[in-house]
Amino acid sequence: MSLIAYNVPTSEAPAESIENNGFWPALDAQDYRAAERVDGSITDARVDMALRVAMADINRQLANWQQDRQASGSTTIDDVEAPDWMPPNSYALLYRRAVYATATASLMERYRDHSATGDGDERGEGKDLAADDYRRDARWAVSEILGKAHTTVELI
């Protein structure tokens, strides 16, 4: 089982938009499937759950940042003025990247592989590494929104 499409049927029906908290954008499961190349072997229900859990996780991580922007008068992410060096709509793009990467990492961990041979174990280990890469991408996207460096190093 792979998250990359290989002539596998598409999902059953287009899913409805997943509403967010009003500040962050709603998410579209079909957009997620296309952006992350998630094929139809993963059900719409699994994709929906992965996106909702990821959305809750990223919203929690960004809760204080969101409250600060709302206190400054922004009602949605589109109202937040980005620094001059950022392209337009960067905050919404970074938010989607964080949620999509978190959801994809979760799905990769759940769909390691089904095999009666040792090949499945090797592919599963590879997917664990890829899931870690997606989690890193999510952390970096959150750091970009927060205006923090990607890496913090401390001496132990």
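This is a predicted model: local features need pLDDT of at least 70, side-chain atom pairs count only at pLDDT 80 or more; totals for chains, interfaces and linings use all residues.

Student: Why is phenylalanine 23 called buried?
Tutor: Its relative accessible area is 1%. Buried means under 20%, so phenylalanine 23 is buried.

Student: Is tryptophan 65 buried or exposed, and how do you know?
Tutor: Tryptophan 65 has a relative accessible area of 6%. The cut-off is again under 20%, so tryptophan 65 is buried.

Student: What makes the pair of phenylalanine 23 and tryptophan 65 edge-to-face?
Tutor: The planes are 70 degrees apart, with 6.5 Å centre to centre.

Student: Why is the pair of tryptophan 65 and tyrosine 91 called tilted?
Tutor: The ring centres are 5.1 Å apart and the planes are at 55 degrees. Stacked needs under 30 degrees and edge-to-face over 60, so 55 degrees leaves the pair as tilted. This pair links tryptophan 65 in helix H3 with tyrosine 91 in helix H4, 26 residues apart.

Student: What cluster do ring pairs form?
Tutor: Phe23, Trp24, Trp65, Tyr91 and Tyr95 are linked into a cluster. The structure holds 6 aromatic pairs.

Student: How many residues has the largest nonpolar core, and which have the most contacts inside it?
Tutor: The core has 32 residues, and Leu51 and Tyr95 have the most contacts inside it. Helices H1 (29-36), H2 (44-61), H4 (90-110) and H5 (119-146) each give two or more residues. H4 supplies the largest share, 9 residues. Beyond its neighbours within four places in sequence, tyrosine 95 is in contact with residues including Trp24, Met55, Ile58 and Ile145.

Student: Why are H1 and H2 called roughly perpendicular?
Tutor: The two helices pack at an angle of about 90 degrees, with their axes 10 Å apart. Angles of 65 to 115 degrees count as roughly perpendicular, so H1 and H2 are roughly perpendicular to each other. Where they meet, Ala29, Gln30, Tyr32 and Arg33 in H1 face Asp44, Val47 and Leu51 in H2.

Student: How do you know that the charged end of arginine 136 sits over the ring of tryptophan 140?
Tutor: The charged end is 5.0 Å from the ring centre. The term requires a distance within 6 Å and a position within 35 degrees of the ring normal; arginine 136 is listed as sitting over the ring.

Notes:
Residues are numbered from 1 along each chain as its sequence is written. Side-chain values use heavy atoms; hydrogens and water are left out. A nonpolar core is a set of buried Ala, Val, Leu, Ile, Met, Phe, Trp, Tyr and Cys residues joined through side-chain atoms within 4.5 Å. Buried means under 20% relative accessible area, exposed over 50%, partly exposed in between (1.4 Å probe, protein chains only). Helices (H or I, at least four residues) and strands (E, at least two) are DSSP runs, numbered from the N terminus. Contact means heavy atoms within 4.5 Å. Axes are lines fitted to C-alpha atoms, for helices over the stretch in contact, and angles run from 0 to 180 degrees between N-to-C directions. Angles under 35 degrees count as roughly parallel, over 145 as roughly antiparallel, 65 to 115 as roughly perpendicular and the rest as oblique.
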